[in-house]
Amino acid sequence: GFDNDSVTVSPTRIVSKMNPNHKVQSVTWSDGKLAVNGTNDWRTTSSTMALTSGKWLAECTIETVGNSVSAGVGNPNTTYIDSYMGQTPDSWTWFAYNSAGLYNNGAYTNTSNPWNGAGMSYPDTVGDVLGLALDLDAGTLKYYLNGTLIGTAFDNITGPVVFQDGSNGTWVNNWNFGQQPYSYPVSGYKTVCTDNLGKGET
């Protein structure tokens, strides 16, 4: 299931990581199933530990630059792993590159600044940290770049969802769900781990 094969930080604290059972063969892992090694096609990979309520934080650090970054959340039971994110009503992503934008239910929902990359930075440099702050009590997903809030991308999110990487090209994106200290913590948002799944979903 989506709560298996995760990072054991302590005997009682297991932290989410990318799910080896929810990817296509051409996508590979490194760094203990935390780094997504992409291909030159659109593919979607999911983390473990589906979420239904509470406030959660994930960080995606660019280790190798590819073509196009796509990151967000989606229902693991309806995601197309062999295609791009955002095609269903319960899949939300930011195509974080020039002239693109926010995408959900098979259509762009916002292609204006800052989401289209005009006049601002988007994650396209080695070392960039893309933060995803998911609030399932409010139904929102906020994005941060290197600790600076870009904005609230979506306000219609309902669970169950997992964090997902849908980047195109030979990217290497390293995900942190709290197994390491966050580079840019966001107040009130929790590590995706077994301890908080019991206490944080309120």
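Alanine 71 stands opposite tryptophan 94, a residue of strand β8. That pairing is a handy way into this predicted model, whose protein chain has 1 helix and 15 strands. Tryptophan 94 will come back below, in the part on aromatic rings.

**The chain as a whole**
- The protein chain has 202 residues, and 55% of them count as buried.
- Its accessible surface is about 8100 Å², with 45% belonging to carbon and sulfur atoms.
- Among contacts with a separation of 6 or more, 64% are between residues 24 or more positions apart.

**The open sheet**
- An open sheet is built from 6 strands with antiparallel pairing, in the order β5-β14-β7-β8-β9-β10.
- At the edges sit β5 (45-46) and β10 (107-110), each of which pairs on one side only.
- Strands β7 (residues 70-74) and β8 (residues 91-95) run antiparallel and are joined by 5 bridges.

**Threonine 44**
- Threonine 44 is found in the loop between β4 (35-37) and β5.
- With a relative accessible area of 0%, threonine 44 is buried, because buried means under 20%.
- Threonine 44 and glycine 166 are 122 residues apart along the chain, yet their C-alpha atoms are separated by 4.3 Å.

**Aromatic rings**
- The model contains 9 aromatic pairs.
- In one of them, the ring centres of tryptophan 94 and tyrosine 143 are 5.3 Å apart and the planes meet at 65°, so the pair is edge-to-face.
- Tryptophan 94 belongs to strand β8 and tyrosine 143 to strand β12 (residues 140-145), so this pair ties together parts that are 49 residues apart in sequence.
- Both partners count as buried: tryptophan 94 has 1% relative accessibility, and tyrosine 143 has 0%.
- Phenylalanine 163 and phenylalanine 177 form a tilted pair, at 6.1 Å centre to centre and 40° between the planes.
- This pair links distant parts of the chain, 14 residues apart: phenylalanine 163 is in strand β14 (residues 162-165), and phenylalanine 177 is in the loop between β15 (172-176) and α1 (194-199).
- Phenylalanine 163 and phenylalanine 177 are both buried.
- One aromatic cluster brings together Phe95, Tyr97, Tyr103 and Tyr108.
- Tyrosine 189 has lysine 55 over its face, 4.8 Å from the ring centre.

**Cysteines**
- There are 0 disulfides in the structure.
- Cysteine 60 is buried at a relative accessible area of 1%, and cysteine 193 counts as buried at 2% relative accessibility.

Terms used. Residues are numbered from 1 along each chain as its sequence is written. This is a predicted model: local features need pLDDT of at least 70, side-chain atom pairs count only at pLDDT 80 or more; totals for chains, interfaces and linings use all residues. Side-chain values use heavy atoms; hydrogens and water are left out. Two strands pair if DSSP finds at least two bridges between them. Helices (H or I, at least four residues) and strands (E, at least two) are DSSP runs, numbered from the N terminus. A disulfide is a pair of cysteine sulfur atoms within 2.5 Å. Buried means under 20% relative accessible area, exposed over 50%, partly exposed in between (1.4 Å probe, protein chains only). Contact means heavy atoms within 4.5 Å. Accessible areas come from the Shrake-Rupley method with a 1.4 Å probe; for residues, only the protein chains shown count as cover. Rings of Phe, Tyr and Trp (its six-membered ring) pair if their centres lie within 6.5 Å; planes under 30 degrees apart count as stacked, over 60 as edge-to-face and the rest as tilted. A charge sits over a ring if NZ of Lys or CZ of Arg is within 6 Å of the ring centre and within 35 degrees of the ring normal.
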